[in-house]
Amino acid sequence: MAHTTVYVGYTVPQLLKGASRIFPSHSALGVLRHSAFYYCTVNGTIKSKRKMDHLERTANNFRQEVITQAKVCGITNESETVKRLRLAIANKDFTFKAGQWVDFFIPGVSVVGGFSICSSPGLLEREGILELAVKHTVHPPAHWIHTECTLDSEVALRVGADLHGYQESKGNGHKLGTVKLYYSAKNTSELLFKKNILGLMNTFPGKITCCFHVTQQRSQICKELQPHVTEGRISKKDLEKHVSNNTSWYICGPPPMIESISKLLSNIGVPGNRVFFEKWW
């Protein structure tokens with residue numbers, strides 16, 4: 001039976017990591033696959049009076065034992081608020097799966113960061129390179145990356161959040177489903193990896209589609225994006241058309257957004273066991 005997957009989010013680096021999981025015949029830059037989200041919390045609620053740090057939030061999650069040294073070999077601005085960090089990994093035993101994050105250790109900074117990996121395992125295998133997309137905040141690790149990190153800065157990494165027992169369907173009549181991504185940001189400059197997403201839509205027509213939402217757009221939207229952009233927030237009307245027994249829903253974004261979309265999905269009849277979101281965010 002064909003399966004439909006809907007992703008709703010305000011940020012997508014986590015989704016851009018391993019299309020080969022769904023489309024194994026392609027060495028695409030990696031996105032929108034089921035396995036990366038099976039470490040998510042099912043139908044959870046986010047309630048906390050004190051903001052926990054990364055290590056507290058993920059204390060019960062699996063981690064690899066090895067801590068690996070890495071050197072910064074590239075820093076680029078993905079947007080006004082997000083930097084892409086390119087890290088050279090010399091340790092050949094260092095591996096990760098699509099959808100995992102890293103604990104990020106910085107010499108002289110006592111707080112440990114936790115960042116999603118936005119590159120594919122294939123890039124690490126081929127070039128010994130791992131990439132992170134980090135949004136600027138006052139959190140010490142993110143602040144360091146945006147204000148002090150330079151080429152050749154040395155850090156240490158440890159992979160966390162091993163995927164929970166996801167078994168791929170083999171020989172059981174499973175048919176490839178479809179993926180619909182709703183991606184919201186303040187404006188089109190904050191839509192990270194939009195060109196990659198458009199490329200995947202062209203590569204897999206009818207299988208991967210995306211609707212970009214912008215809430216504070218001030219400039220003209222480029223022609224390439226115009227057919228795919230809606231002004232305003234993701235709404236009930238957008239999502240209710242996808243409700244079915246065969247649809248899974250994956251939410252990625254800040255806690256208030258996750259809680260809001262979770263309630264919206266509940267109100268339109270989506271069972272709680274079909275809704276997944278990242279619990280470590």
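Phe193 is buried, at 6% relative accessible area (buried means under 20%, exposed over 50%, partly exposed in between, with a 1.4 Å probe and protein chains only). This is a predicted model, in which local features need pLDDT of at least 70, side-chain atom pairs count only at pLDDT 80 or more, and totals for chains, interfaces and linings use all residues. Residues are numbered from 1 along each chain as its sequence is written, and side-chain values use heavy atoms, with hydrogens and water left out.

**Positive phi**

- Most residues other than glycine have a negative phi.
- Phe193 is not a glycine, yet its phi is positive, at about 60°.
- Phe193 sits in the loop that runs between β9 (178–185) and α4 (194–203); helices (H or I, at least four residues) and strands (E, at least two) are DSSP runs, numbered from the N terminus.
- Asp152, also a residue other than glycine, has a positive phi near 75°.
- The loop between α3 (140–147) and β8 (154–160) holds Asp152, which is exposed at 53% relative accessibility.

**Cysteines**

- There are zero disulfides in the structure, a disulfide being a pair of cysteine sulfur atoms within 2.5 Å.
- Cys73 is partly exposed, with 36% relative accessible area.
- Cys252 is buried, with a relative accessible area of 4%.

**Strand β9**

- Ser184 belongs to strand β9 and is buried, at 2% relative accessible area.
- From C-alpha to C-alpha, Ser184 is 7.1 Å from Ile234, while 50 residues separate the two in sequence.
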